[in-house]
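Please read them alongside the coordinates.

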Amino acid sequence: MEELKIRPIEDGTVIDHIPRGQSLNVLRVLGVDTSTRDVVSVAMNVPSDAMGRKDIVKVEDREIGSKEADIIALIAPDATVNVVRDFEVRDKYEVSMPDEIRGVLNCPNPNCITNTREPVETVFDVRDGEIRCDYCGTVLTDEVAEYLG
Ligand SMILES: [Zn+2]
């Protein structure tokens, strides 16, 4: 059992086994920026038996929902989410690749209906590692985090 290299939290979520260098993208998925009021800790380049080096993100007083976990899966497919209450891990699960992503990513095609006729919720299909806009067929080619709203 690998220990978490950061101090325990009372309540919140610890996302472990993030590929090194991806923790900031995970924060973007979670909507953490300079205006956030959550207590957030990031550990980068933590030694890991399985991964060599990994990143860990800890968000206090917030439980990560499945919609956010789905997007995290695209960035960090081996991530584990630990939901902590009263200093104990109450729920632990591995993220799983979604079949479909709704309303989170923006389509890069300026002529896509999701960009021209707002509000139309974006829908992307995930298949064979490819993320494709359900409306215009555009395939996302950059890092997923680049398409976050
Ligand atoms: Zn599109």
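How many bridges join β2 to β3, and do the two run parallel or antiparallel?

1. β2 is joined to β3 by 7 bridges, and the two run antiparallel. Strands here are DSSP runs of E with at least two residues, helices are runs of H or I with at least four residues, and both are numbered from the N terminus. Two strands count as paired if DSSP finds at least two bridges between them. This is a predicted model, in which local features need pLDDT of at least 70, side-chain atom pairs count only at pLDDT 80 or more, and totals for chains, interfaces and linings use all residues. Residues are numbered from 1 along each chain as its sequence is written, and side-chain values use heavy atoms, with hydrogens and water left out.

2. The pair β2 and β3 forms a hairpin, with 3 residues between the strands. Within this pairing, Val 42 has Val 57 of β3 as its bridge partner. β3 (residues 52-60) also pairs with β1 (residues 12-19), through 6 bridges and again antiparallel. There, Gly 12 is the bridge partner of Glu 60 in β3.

3. Of the 9 residues of β3, 7 are buried, so the strand is largely enclosed by the rest of the structure. Buried means under 20% relative accessible area, exposed means over 50%, and partly exposed is in between (1.4 Å probe, protein chains only).

4. Strand β2 (residues 40-48) contains Met 44, which is partly exposed at 44% relative accessible area. Met 44 belongs to a nonpolar surface patch with Leu 24 and Val 42, and together they have about 250 Å² of accessible area. Such patches are made of residues with over 30% relative accessible area and no salt bridge, nonpolar side chains (Val, Leu, Ile, Met, Phe, Trp, Tyr) being joined within 5 Å and like charges within 9 Å. A salt bridge is a side-chain nitrogen of Lys or Arg within 4 Å of a carboxyl oxygen of Asp or Glu. Areas come from the Shrake-Rupley method with a 1.4 Å probe, and for residues only the protein chains shown count as cover.

5. Asn 45, in strand β2, has a positive phi of about 60° although it is not a glycine; its relative accessibility of 33% makes it partly exposed. Asp 128 has a positive phi near 50°. Asp 128 sits in the loop between β7 (123-127) and β8 and is exposed, at 80% relative accessible area. Most residues other than glycine have a negative phi.

6. The zinc ion is coordinated at 2.3 Å by the SG atoms of Cys 107, Cys 112, Cys 133 and Cys 136. Donors are N, O and S atoms within 2.8 Å of the metal (3.2 Å for Na, K and Ca). The angles among the 4 donor atoms are 101 to 115°, and the site is tetrahedral, which for four donors requires all angles to lie between 85 and 135 degrees. Along the chain the donors of the zinc ion have the spacing C-x4-C-x20-C-x2-C. Cys 107 is in the loop between β6 (100-102) and α3 (113-116) and Cys 136 in the segment after β8 (130-133), so this pair ties together parts 29 residues apart in sequence. Cys 107 is buried at 5% relative accessible area, whereas Cys 136 is partly exposed at 31%.

7. Glu 10 lies in the segment before β1 and is partly exposed, at 41% relative accessibility. The C-alpha atoms of Glu 10 and Val 84 are 6.7 Å apart in space, with the two residues 74 apart in sequence.

Methods:
Tetrahedral: all angles 85-135°; square planar, octahedral: opposite > 155°, others 65-115°.
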